[in-house]
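Have the coordinates open as you read.

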Amino acid sequence: MSRSAHPAGPRYADVLPEGHYTAPPTDLNALDPRVWARTVRRGDDGTVTVGGLEVTRLAEEFGTPAYFLDETDFRARCRAWADAFGPDADVFYAGKAFLSRAVVRWLKEEGLNLDVCSGGELATALSAGMPAERIAFHGNNKSTEEIERAVREGVGRIVLDSFQEIARVAHVAQSLGKRQRVQIRVTVGVEAHTHEFIATAHEDQKFGIALAGGHAAEAVRRALKLDGLELIGIHSHIGSQIFDMAGFEVSARRVVQLLAEVRDEHGVELPEIDLGGGLGIAYTSADDPREPHEIAGALRTIVAKECEAANLATPRISVEPGRAIVGPTAFTLYEVGTVKPLDGLRTYVSVDGGMSDNIRTALYDAEYSVALVSRTSDAEPMLSRVVGKHCESGDIVVKDAFLPADVAPGDLIAVPATGAYCRSMASNYNHALRPPVVAVGEDGARVIVRRETEEDLLRLDVG
């Protein structure tokens, strides 16, 4: 099925910035399995399905914009990470990527632990039945109230991020008559090859305690002296959307060196290291992420090699995938509202969502894919920019992509790999109503986070 093409708008990529696609894809109807959730298919009539359900029917039932999350894919990725690392390591799902009570239940059932970084995330985890001992609590400025609740509930570990927090957690634990298991987050001076705003291990940033200048070693001294703390290990996180393992190798070497210094000074071998998360996913066909078993094998080899060189017993490894689990499992479904060709430049395709449901393009200059999903088209490729409905020129969902030249108002288009950070960072900018999250699984489709209503929006406005 095809519609008449718009009379204007470039068809080829000669105007794309360097480093982007140099030619349109050969088949606009194809769906790259690296980018889309694993049950997503295009049917014989051209309509895309997820879990066997047509997006046109999903749009009728749940509306647009909406996030559709493939539960089968999510659970499979949880199992893949758990199997890759095995019983002698710990996998903590990074809840900041996306968290809901349904997700917490899935994690619990699939045997993963959970990493939270706020009181709200902790409350969500506990309300959905995640055992407290399987929760790690992160954050660079945890409030006293958050720490008190975490200690009282018995979270498995609190990751200490500053000298003040070492004292604060110890004081709270002692006042509650408890001994809290903790790790110290260190910045190891490794800057991952990623966007500046999501590179978190170089020293000029807010997270962790620097190895440089002996600060991390001093943090260990203080923690070991405090009765309210049980120091179980060192934590390091070097960034996000990482494909190259070289940064992890340098990070592991420096963390193991710190473990050796702790042993030599205090006679203590800390039993755990957490190498964080940040593993990349495919947002476009140009991305080539590594599989969990490859990542697990590489990290085990790196740590074992460094520990052998330092004459240390190999500690228990923890990792914290968030995006790598939930990112590829979801897509955002939009309805096209207007199509505006600009001669010699590109065609602007406006949808009924935008930066309120996906801020990552504006915030991180992130790249995404997009596809026409309510039908097929044999029209030629049209260089497009998918934009939202907000009053901002930076309200861009997909900067540069190819859509069929006959895309028109009323068509449904979908942006894949939006499971991570899109709903978590969604806003009410322009008083937009945040979209629902719909889980699609073996039992059909169901809302796990409902769409906001005008009543929700006005309820907090006390007038």
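Start at Ala-417, which is in contact (heavy atoms within 4.5 Å) with Val-35, Ile-281, Ala-282, Tyr-283, Gly-327, Pro-328, Ala-330 and Tyr-368, leaving aside its neighbours within four places in sequence. This is a predicted model, in which local features need pLDDT of at least 70, side-chain atom pairs count only at pLDDT 80 or more, and totals for chains, interfaces and linings use all residues. Residues are numbered from 1 along each chain as its sequence is written, and side-chain values use heavy atoms, with hydrogens and water left out.

Ala-417 is found in the loop between β19 (412-416) and β20 (437-441); helices (H or I, at least four residues) and strands (E, at least two) are DSSP runs, numbered from the N terminus. The relative accessible area of Ala-417 is 0%, so this residue is buried. Here buried means under 20% relative accessible area, exposed over 50%, and partly exposed in between, with a 1.4 Å probe and protein chains only. Between Ala-417 and Trp-36 there are 381 residues in sequence but 6.5 Å in space, C-alpha to C-alpha.

Trp-36 takes us to the rings, where Trp-36, Phe-62, Phe-68 and Phe-331 are linked into a cluster by ring pairs. Rings of Phe, Tyr and Trp (its six-membered ring) pair if their centres lie within 6.5 Å; planes under 30 degrees apart count as stacked, over 60 as edge-to-face and the rest as tilted. By this rule there are seven aromatic pairs. Phe-62 and Phe-68 are edge-to-face because their ring centres are 6.2 Å apart and their planes at 70°, and both residues are buried. Trp-81 and Phe-85, in turn, are stacked, with 6.0 Å centre to centre and 5° between the planes. Both lie in helix α2 (residues 71-85), four residues apart, about one turn of the helix.

Now for the nonpolar cores, meaning sets of buried Ala, Val, Leu, Ile, Met, Phe, Trp, Tyr and Cys residues joined through side-chain atoms within 4.5 Å. The largest has 114 residues, of which Phe-74, Tyr-93, Ile-184 and Ile-413 touch the most other members. Apart from it lies another core of 22 residues, including Trp-36 and Phe-68.

Just after α3, Gly-111 has a positive phi of about 85°.
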